[in-house]
Structure formats: structure tokens, C-alpha cells
Amino acid sequence: MSQSLTKLMIHIVFHIKYNSVKIKREDMSALCAYINGIINNNQSSVYEINGVEDHIHILCRMSKNIALKDLMNKIKSNSSRWLRDKYYYKDFSWQGGYGCFTVSESAIKNVKRYIRNQENHHKKIKTKDEYVELLDKHNIEYDPQYLWDV
């Protein structure tokens with residue numbers, strides 16, 4: 001085989017630290033655009049990105065040329081630095097961890113819709129409950145005491 005061919009579709013979720021300043025609704029689209037640029041600069045591509053005041057969801061095709069931990073480090077470190085450059089966000093920070101879930105080709109449309117509708121979704125469910133649901137749905141073992149930086 002002379003080529004390495006991949007289509008690594010992933011759904012990423014990461015949260016602010018709970019002592020951090022929350023993301024303002026009016027800043028969310030600029031933040032998402034900035035994160036989109038980080039992902040594109042790392043040979044990956046965003047299919048959908050959105051968030052609410054305390055977390056972000058991303059559906060992207062991840063490049064075979066970057067490790068997930070390196071992509072996440074670049075996304076979180078650069079976006080938090082970018083936010084802290086704005087006066088309101090001088091105390092902003094992301095939690096240390098993140099959730100990442102593989103997405104099958106047949107589920108892309110549903111995951112895009114789910115991410116796009118985050119604001120409505122969170123009228124019905126709290127962030128912590130949503131995150132635990134995602135972990136459970138994907139059969140990811142976790143220790144509840146380490147899910148949240150407080």
C-alpha cells in the first residue's frame with residue numbers, strides 16, 4: 001500500500017474551568033471562527049463548531065499528521081490566550097481535560113445538528129449532565145471526581 005488514507009471524524013467537547021469567566025454569547029461566533037482557524041492550520045477541517053457559555057463542541061476531520069493531544073493542546077492554549085487578550089476574559093481558562101468521541105459517516109448529519117442546536121439543547125439539560133450522557137453513550141469509563149476542575 002503506497003498511501004496512508006484516513007477519515008478520522010471526531011466530536012470534541014471541552015469546558016471552561018468552573019472558576020473561570022464564562023463566554024459571552026456575543027463572543028461565541030468569533031471564538032468558534034478562531035478555533036476553526038487553529039484546526040485548519042493543523043491540516044484538519046471543521047464540519048461544525050458551536051458552544052454555550054461554559055463549553056464548546058467541535059465536529060472535525062482530524063489529520064493523520066497530528067496526535068489528538070497535540071491538536072487539543074493547540075486549540076485550548078491558543079484560544080485561551082486569544083480570549084485573555086480581551087479585557088473581559090483576563091481570568092479565562094479551559095479545564096485540563098476534554099472528551100473526544102469517534103463519529104461514523106452515518107452519524108455526521110445528526111452530530112452536526114446536535115452541535116448547531118446547543119443553545120436550545122441546554123434549555124433542557126445541564127452541561128455536566130450532557131457530558132456524562134456523552135461519556136456513557138460511548139462507553140467511556142471515568143471517575144466522577146476528576147471530571148471537573150473546580
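Colleague: Which residue lies over the face of Y88?

Modeller: In this predicted model, Y88 is partly exposed, with a relative accessible area of 38%. A charge counts as sitting over a ring if NZ of Lys or CZ of Arg is within 6 Å of the ring centre and within 35 degrees of the ring normal. At 3.9 Å from the ring centre of Y88, the residue that lies over its face is K24.

Colleague: How is the aromatic pair of Y88 and Y89 arranged, stacked or edge-to-face?

Modeller: Y89 counts as buried at 1% relative accessibility, whereas Y88 is partly exposed at 38%. Planes over 60 degrees apart count as edge-to-face. With 4.7 Å centre to centre and 90° between the planes, the pair of Y88 and Y89 is edge-to-face.

Colleague: Which residues form one aromatic cluster with Y88 and Y89?

Modeller: The structure holds five aromatic pairs, and Y88 and Y89 make up one of them. The residues that form one aromatic cluster with Y88 and Y89 are F14, F92 and W94.

Colleague: Why is the pair of Y34 and W82 stacked?

Modeller: The pair links distant parts of the chain, since Y34 belongs to helix α1 and W82 to helix α2, 48 residues apart. Y34 is partly exposed, with a relative accessible area of 30%, and the charged end of K86 sits over the ring of W82, 3.9 Å from its centre. Planes under 30 degrees apart count as stacked. The ring centres of Y34 and W82 are 4.8 Å apart and their planes lie at 15°, so the pair is stacked.

Colleague: Which element gives the most to the largest nonpolar core?

Modeller: This core has 25 residues, of which F14, I58 and I75 touch the most other members. At least two residues of the core come from each of β1 (8-15), α1 (25-40), β3 (55-62) and α2 (68-84). With six residues, the element that gives the most to this core is α1.

Colleague: How many bridges join β1 to strand β4?

Modeller: Seven of the eight residues of β1 are buried, so this strand is largely enclosed by the rest of the structure. With β3 it pairs in the antiparallel sense over eight bridges, and L8 stands opposite M62 in β3. V13 stands opposite G99 in β4. Strand β4 (residues 99-102) also runs antiparallel to β1, and the number of bridges that join them is four.

Methods: Residues are numbered from 1 along each chain as its sequence is written. This is a predicted model: local features need pLDDT of at least 70, side-chain atom pairs count only at pLDDT 80 or more; totals for chains, interfaces and linings use all residues. Side-chain values use heavy atoms; hydrogens and water are left out. A nonpolar core is a set of buried Ala, Val, Leu, Ile, Met, Phe, Trp, Tyr and Cys residues joined through side-chain atoms within 4.5 Å. Buried means under 20% relative accessible area, exposed over 50%, partly exposed in between (1.4 Å probe, protein chains only). Rings of Phe, Tyr and Trp (its six-membered ring) pair if their centres lie within 6.5 Å; planes under 30 degrees apart count as stacked, over 60 as edge-to-face and the rest as tilted. Two strands pair if DSSP finds at least two bridges between them.
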